[in-house]
Amino acid sequence: GRPNVGKSTLFNRLVQRREAIVDSVSGVTRDRHYGKSDWNGKEFSVIDTGGYITGSDDIFEGEIRKQVNLAIEEADLIVFVVNVEDGITPMDAEVAKLLRKVKKPIFTVVNKVD
């Protein structure tokens, strides 16, 4: 998902530790973070990434896009996180466009509903 939709918060919740930095400022997560989780006795790995941004010349955002693409390649399935407070934004649409090309299961998670 795009920056600040709650990807790192979800990651921390799944791994049951504060491994990923969570901040109201976007761009804090830049590399991939790996963790292990367990759901109903089934262990699995999770990857946290920075927020995906298109159309930017910022070198950090370009590197984040590379990290996101690497995580997509590594994943068996993808959790696409969006934020209900902002609705679907043009950047969410860009991420969705990227994910439509991926031949893997994709789950859309709507965050910040409470």
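1. Phe107 counts as partly exposed, because its relative accessibility is 47% (buried means under 20% relative accessible area, exposed over 50%, partly exposed in between, with a 1.4 Å probe and protein chains only). You'll find Phe107 in strand β4, residues 106-111. Helices here are DSSP runs of H or I with at least four residues, strands are runs of E with at least two, and both are numbered from the N terminus.

2. A quick word on what you're looking at: this is a predicted model, where local features need pLDDT of at least 70, side-chain atom pairs count only at pLDDT 80 or more, and totals for chains, interfaces and linings use all residues. Residues are numbered from 1 along each chain as its sequence is written, and side-chain values use heavy atoms, with hydrogens and water left out.

3. Back to Phe107: together with Leu77 and Val79, Phe107 makes a nonpolar surface patch of about 260 Å². Such patches take residues with over 30% relative accessible area and no salt bridge, and nonpolar side chains (Val, Leu, Ile, Met, Phe, Trp, Tyr) are joined within 5 Å, like charges within 9 Å. A salt bridge is a side-chain nitrogen of Lys or Arg within 4 Å of a carboxyl oxygen of Asp or Glu.

4. On the overall layout, the protein chain has 3 helices and 4 strands, running α-β-β-α-β-α-β along the sequence. Of its 114 residues, 37% count as buried. Among contacts (heavy atoms within 4.5 Å) with a separation of 6 or more, 58% join residues 24 or more positions apart.

5. Helix α1 (residues 7-15) has Lys7, Ser8, Phe11, Asn12 and Val15 buried. They sit on the same side of α1, because they cover an arc of only 135 degrees around the axis (the arc is that of the directions from the helix axis to the C-beta atoms). Their cover includes β1 (33-39), β2 and β3 (78-83).

6. In helix α3 (residues 90-100), the buried set is Asp92, Val95, Ala96, Leu98 and Leu99. These fall within an arc of 160 degrees seen down the axis of α3, so they line one face of the helix. Covering them are elements including α2, β3 and β4. Pro90 and Arg100 are exposed, on the face of α3 turned away from its buried side.

7. Last, have a look at Gly55, in the loop between β2 (42-48) and α2 (59-74). Gly55 counts as exposed because its relative accessibility is 84%. Gly55 and Met91 are 36 residues apart in sequence, and 9.8 Å apart in space from C-alpha to C-alpha.

Note on methods:
Accessible areas come from the Shrake-Rupley method with a 1.4 Å probe; for residues, only the protein chains shown count as cover.
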